[in-house]
There are 2 protein chains.
Amino acid sequence: MIFDDVVKNAVESTPGAVAALIMGSDGIAISNYVKPEADLEMEVVGVEYAGLLGELQRVSDILQSGGVRELTVTTDRFVIVIRRVTSEYFLALALAPNGNIGKGRFMLRVQSPRVLKELQM
Amino acid sequence: MIFDDVVKNAVESTPGAVAALIMGSDGIAISNYVKPEADLEMEVVGVEYAGLLGELQRVSDILQSGGVRELTVTTDRFVIVIRRVTSEYFLALALAPNGNIGKGRFMLRVQSPRVLKELQM
């Protein structure tokens, strides 16, 4: 299963990553992978960020700044990287604050076309 | 003037950066520097992101993820990097999509303590 492979691969290939998911803008996840030691509910994270992505696109429209491609948020406890695959689906990765954010962004960027291809089948 | 120096320095030291500002969460800018060739209204960007930062902190509170430190948004036309200085003030930098985001984030991180010190005087 490509979707499961993508989220597992994104987490296992990124130092400090703890969870990843593929989710629709309606907050329903297609695939979800969370390391056993991870202290976060990745689906809840996804649902909240799905709403935020909609808000962010609204802001981007106001600013005539085009489509939102990527979002990285650093908080005290986690770094969340979101990459839009289509207007309907996104990839999300959660890392520890000292995780390799650059590698995480890279992983989502390279996995995104695989997800897109599968979504279009 | 430290604030003006910080925003000018952040833009001029970051390849691809076009504008920077220091703003309060009420949407009122302390300082603003925009390159003449930049095709964006940085104050409007700041005001919209000020609202979004509040929303993001609300989400972070729900997820018990702590304070929001930094936010990077990549859209078709711009990359916006936001760094919180205090709960009341933030630094924002706008770059072209091919700009050096890593350098931009670094510049905001190193300039942030200078802004903080000045705000506390």
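**Salt bridges in the predicted model**

Both A:Arg83 and A:Glu70 are buried. In this predicted model, the two residues form a salt bridge in which the closest N and O atoms are 3.1 Å apart. Through salt bridges that share partners, A:Glu70, A:Arg83 and A:Arg105 are joined into one network.

Side chains of opposite charge can pair when their charged atoms come close. Over all chains, the count comes to twelve salt bridges. Among them is the pair of A:Arg114 and A:Asp5, whose closest N and O atoms lie 2.8 Å apart. This pair likewise links distant parts of the chain: A:Arg114 is located in helix α3 (residues 101-119) of chain A, whereas A:Asp5 is located in helix α1 (residues 2-12) of chain A, and the two are 109 residues apart. A:Arg114 counts as partly exposed because its relative accessibility is 31%. A:Asp5, at 37% relative accessibility, is also classed as partly exposed.

A further salt bridge is formed by A:Arg58 and A:Glu55, with 3.0 Å between the closest N and O atoms. Here both partners lie within helix α2 (residues 42-62) of chain A, three residues apart, which corresponds to about one turn of the helix. A:Arg58 has a relative accessible area of 41% and is therefore partly exposed. For A:Glu55 the relative accessible area is 30%, so this residue is partly exposed as well.

Technical notes: Residues are numbered from 1 along each chain as its sequence is written. Chains are lettered from A and ligands numbered from 1 in the order in which they are written. This is a predicted model: local features need pLDDT of at least 70, side-chain atom pairs count only at pLDDT 80 or more; totals for chains, interfaces and linings use all residues. Side-chain values use heavy atoms; hydrogens and water are left out. A salt bridge is a side-chain nitrogen of Lys or Arg within 4 Å of a carboxyl oxygen of Asp or Glu. Helices (H or I, at least four residues) and strands (E, at least two) are DSSP runs, numbered from the N terminus. Buried means under 20% relative accessible area, exposed over 50%, partly exposed in between (1.4 Å probe, protein chains only).
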